Amino acid sequence: AGAKKVFAYLHPSKTMPVLLQALKAQEASTIVYAPGIAPEVRKNHAASNLHFADKALDIQKVSMQCDAAITNGSYGTTCAILLAGKPVLTCPQNLERQLVARRVTEIGAGLMVPLENPELSGEKLNAVLNDTSLQQGAVSFAHRYAGLDQAWQTEKMMRTVNDLLPGTAVA
């Protein structure tokens, strides 16, 4: 439905309806994975350029095929998108994800829609899709961390936690 491809992995929030409306208005093909979305929200926002996935998608494949992504700021998904060199629009719902979102913004690889300002969704989405400096920021991130192995990183963190907690063992 459009020249650009967007992947959105979102959880229901007050930002979601505004963001879905902004996605419908874009000339971009969008696939949304939104576990827990109400059927009426899904029905009200379906469009020729906006489709909802019924199950989780392979984030590695999706990140390579999309031009930009929208996340709630979860570390794993956001990192996978950035490692593919794609800019991210984050819509964080808690402090941990706000920290990830702020860092993405600070490194110039995306933008954040604050939970208290969902009306900014359209403007920020447009910038993530069209601002070449954000695209360059994401590519720079991907080059800088090209050797990062998320599975190795997770294992290393678990071993560190294990070492700090007496009487535990990591399998």
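**Ground rules.** I number residues from 1 along each chain as its sequence is written. The model is predicted, so local features need pLDDT of at least 70 and side-chain atom pairs count only at pLDDT 80 or more, while totals for chains, interfaces and linings use all residues; side-chain values use heavy atoms, with hydrogens and water left out.

**Entry 1, the main core.** I looked up the largest nonpolar core, which has 24 residues. A core here is a set of buried Ala, Val, Leu, Ile, Met, Phe, Trp, Tyr and Cys residues joined through side-chain atoms within 4.5 Å. Buried means under 20% relative accessible area, exposed over 50%, and partly exposed in between (1.4 Å probe, protein chains only). Leu 19, Leu 20, Leu 23, Val 32, Ile 70, Leu 89 and Leu 125 touch the most other members. Among the suppliers of at least two residues each are strand 1, helix 1 (16-25), strand 2 and helix 6 (121-130). Helix 1 gives the largest share, five residues. Helices (H or I, at least four residues) and strands (E, at least two) are DSSP runs, numbered from the N terminus.

I then checked Val 32. Leaving out residues up to four places away in sequence, Val 32 touches Ala 8, Leu 20, Leu 23, Leu 50, His 51, Phe 52 and Ala 53. Contact means heavy atoms within 4.5 Å.

**Entry 2, another core.** There is a second, separate core of 14 residues, including Tyr 33, Val 88, Val 100 and Ala 109.

How many aromatic pairs does the structure hold? I found two. Rings of Phe, Tyr and Trp (its six-membered ring) pair if their centres lie within 6.5 Å; planes under 30 degrees apart count as stacked, over 60 as edge-to-face and the rest as tilted.

Tyr 9 and Tyr 33 have ring centres 5.2 Å apart and planes at 50 degrees, so I noted that pair as tilted. The pair links distant parts of the chain, with Tyr 9 in strand 1 (residues 4-9) and Tyr 33 in strand 2 (residues 28-33), 24 residues apart. Tyr 9 is partly exposed at 25% relative accessible area, whereas Tyr 33 is buried at 15%.

For Phe 141 and Tyr 145, the centres are 4.8 Å apart and the planes at 45 degrees, so this pair is tilted. Phe 141 is buried at 15%, but Tyr 145 is partly exposed at 37%.

I found Val 161 in helix 8 (residues 150-164). Val 161 counts as partly exposed, with a relative accessible area of 41%.
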